[in-house]
Amino acid sequence: LALALATAFRRQRCIMAKDQIKSKEAKAKAAMAGGKGKRKKWSKGKVREKLNNAVLFDQKTFDRLQAEVPKMKLITPSAVSERLKISGSLARRAIRDLVSRGTVRLVSYHSSQSIYTRATKESE
């Protein structure tokens, strides 16, 4: 009985050893073919639409500037740029022009953002 058990145990070890070798070969093949598998596709992120703002005034836009902007409560270059679809540098120039005409007055100036408001009768 002990001899039969020992023989069966040896056979079992022999079969297990073959399985291990096969699994190692399979692992090696899997590692070699791993680069060809499906990879995670990263999202490109949300793509913003390109703004096509004007860099020069046409007559229609200039008339809108003179009509609408002095009536706005809060006037910033970004607000003017967004409303009239003009570039930021053109909006800054336009606001400076309105300040020199007296239709708009400066509230706060900072290098990154300047704030203006409409000229009221009290300030004149």
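Mentor: The protein has four helices and two strands, where helices (H or I, at least four residues) and strands (E, at least two) are DSSP runs numbered from the N terminus. Along the sequence, these elements follow the pattern α-α-α-α-β-β. The model is predicted, so local features need pLDDT of at least 70 and side-chain atom pairs count only at pLDDT 80 or more, whereas totals for chains, interfaces and linings use all residues. Residues are numbered from 1 along each chain as its sequence is written, and side-chain values use heavy atoms, with hydrogens and water left out.

Two packed helices are described by the angle between their axes and the distance between the axes. Helix α2 covers residues 59-68 and helix α3 residues 77-84; their axes come within 11 Å and cross at roughly 130 degrees. Here the axes are lines fitted to C-alpha atoms, for helices over the stretch in contact, and angles run from 0 to 180 degrees between N-to-C directions. The two helices are therefore oblique to each other, given that angles under 35 degrees count as roughly parallel, over 145 as roughly antiparallel, 65 to 115 as roughly perpendicular and the rest as oblique. The crossing of α2 past α3 is right-handed, a term used if the near helix is turned clockwise from the far one by less than a right angle, with anticlockwise giving left-handed.

On the α2 side, the contact (heavy atoms within 4.5 Å) is made by Thr-61, Arg-64, Leu-65 and Glu-68, and on the α3 side by Val-80, Arg-83 and Leu-84. These residues divide into three nonpolar, one polar and three charged. In this scheme Ala, Val, Leu, Ile, Met, Phe, Trp, Tyr, Cys and Pro count as nonpolar, Asp, Glu, Lys and Arg as charged, and the others, Gly among them, as polar.

Arg-64, Glu-68 and Arg-83 are linked in a network of salt bridges, each requiring a side-chain nitrogen of Lys or Arg within 4 Å of a carboxyl oxygen of Asp or Glu. Between Arg-64 and Glu-68, the closest N and O atoms are 3.1 Å apart. These two residues are four residues apart in helix α2, and are therefore separated by about one helical turn. Glu-68 also meets Arg-83 in a salt bridge, at 3.9 Å from N to O. Because Glu-68 lies in helix α2 and Arg-83 in helix α3, this pair ties together parts that are 15 residues apart in sequence.

As to accessibility, buried means under 20% relative accessible area, exposed over 50% and partly exposed in between, with a 1.4 Å probe and protein chains only. Arg-64 is partly exposed at 31%, Glu-68 is partly exposed at 27%, and Arg-83 is partly exposed at 44%.

The structure holds three salt bridges. One of them joins Asp-97 and Arg-101 at 3.2 Å from N to O; both residues lie in helix α4 (residues 88-101), four residues apart, or about one turn of the helix. Asp-97 is partly exposed at 28%, and Arg-101 is partly exposed at 47%.

Of the 124 residues of the protein, 18% count as buried. Ser-114 is buried, with a relative accessible area of 7%, and is found in the loop between β1 (104-108) and β2 (115-118).
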